[in-house]
Amino acid sequence: MMDKHTLAAVNVCREQIHRLVDERFDGLLCDLILGEEAEKFRAEEGRLLPFASPPSMFKGEKPASVILHGVEIEAATWKKAVLIVLRDCAANPQCHRQMMELRGRVNGNFRTLLSDHPEGMASPLKIDAGLYWESKFDTEALLGNLTVKLLEQVGYDYQDIVIRFRTPQQDMAEQAEGDHAEGFDQNHGSEMAM
């Protein structure tokens, strides 16, 4: 009979092996996508993951940048990352034309996802004049809606896009900056008001 400590140890080992396999395959896919420039992008900090990965793989992660057409563009939030992809999609005349035709016809469960105006949207992203995307979703739903309900419908090829995740150190540094700024405001707020 196996005790609970042995079972826990086996399960921890299983999770580590799954994570290692996922990281190796993610690395292989990124190498294939980035080609000769893969080593250049690997030199920077942060794990890389193809944008075409299942949306569930992005859950709980924070983006640092989007690598698009061999260019790395800073994107510290999922909304910024999505907007970069949407604007690249809209830069293609054929995709833009189809996006304009789909306004008001791409819907989520409770609201329109693609519209010609921001009214009625909880968190609209302006793609272009008269073109807005609803972004008030968790990461998995946001990316799933984007890829399945829009990008695939307009024929936009997002297979060569890579997302760089922030490292835990970047998150800690950002948190420390926020804490420092908050402390400054609290300690110097009344003096600043004078």
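Which side-chain oxygen reaches to within 2.9 Å of the backbone nitrogen of Gln94 at the start of α4? It is a side-chain oxygen of Asn92, and the views below start from that helix. This is a predicted model, in which local features need pLDDT of at least 70 and side-chain atom pairs count only at pLDDT 80 or more, while totals for chains, interfaces and linings use all residues. Residues are numbered from 1 along each chain as its sequence is written, and side-chain values use heavy atoms, with hydrogens and water left out.

View 1. Helices (H or I, at least four residues) and strands (E, at least two) are DSSP runs, numbered from the N terminus. In α4, look for the buried residues Cys95, His96, Met99 and Leu102; buried means under 20% relative accessible area, exposed over 50% and partly exposed in between, with a 1.4 Å probe and protein chains only. These four lie on the same side of α4 because they cover an arc of only 125° around the axis, the arc being that of the directions from the helix axis to the C-beta atoms. Pro93 and Glu101, on the other side of α4, are exposed. The buried residues of α4 pack against α3, β4 (114–115), β5, β6 and α5, where contact means heavy atoms within 4.5 Å. After α4 comes Gly104, with a positive phi near 80°.

View 2. A nonpolar core is a set of buried Ala, Val, Leu, Ile, Met, Phe, Trp, Tyr and Cys residues joined through side-chain atoms within 4.5 Å. The largest one here has 36 residues, and Met99, Trp133 and Tyr156 have the most contacts inside it. Two or more residues each come from β2 (63–68), α3 (78–91), α4 (93–102), β5 (124–128), β6 (131–134), α5 (139–154) and β7 (162–165). Helix α3 gives the largest share, 9 residues. Apart from this core lies another, of 7 residues, among them Cys30, Phe41, Ile67 and Val162. Back at Met99, its contacts beyond four places in sequence are Leu86, Cys89, Ala90, Leu114, Ile127, Leu131, Leu150 and Val154.

**View 3. Val85 in helix α3.** Val85 has its place in α3 and is buried, with a relative accessible area of 0%. Leaving aside neighbours within four places in sequence, Val85 is in contact with Phe51, Leu146, Leu151, Tyr156 and Ile161.

View 4. Glu134 lies in strand β6 and is buried, with a relative accessible area of 0%. The side chain of Glu134 makes a polar contact with the side chain of Arg111 at 3.2 Å. A polar contact is a pair of N or O atoms within 3.5 Å; within protein, one must be able to donate a hydrogen and the other to accept it, and residues adjacent in sequence count only if both atoms are side-chain atoms. The Glu134 side chain also reaches the backbone nitrogen of Ala122 at 2.6 Å. Not counting residues up to four places away in sequence, Glu134 touches residues including Thr112, Leu113, Met121 and Leu142.

View 5. Strand β1 (residues 48–50) runs antiparallel to β7 and is joined to it by 3 bridges, and Leu48 has Arg164 as its bridge partner. Strand β2 also pairs with β7 in the antiparallel sense, over 4 bridges, and here Ser65 stands opposite Arg164. In the loop between β7 and α6 (168–193) you will find Arg166, which counts as buried at 14% relative accessibility. The side chain of Arg166 reaches the backbone oxygen of Ala76 at 2.9 Å.

Key: Two strands pair if DSSP finds at least two bridges between them.
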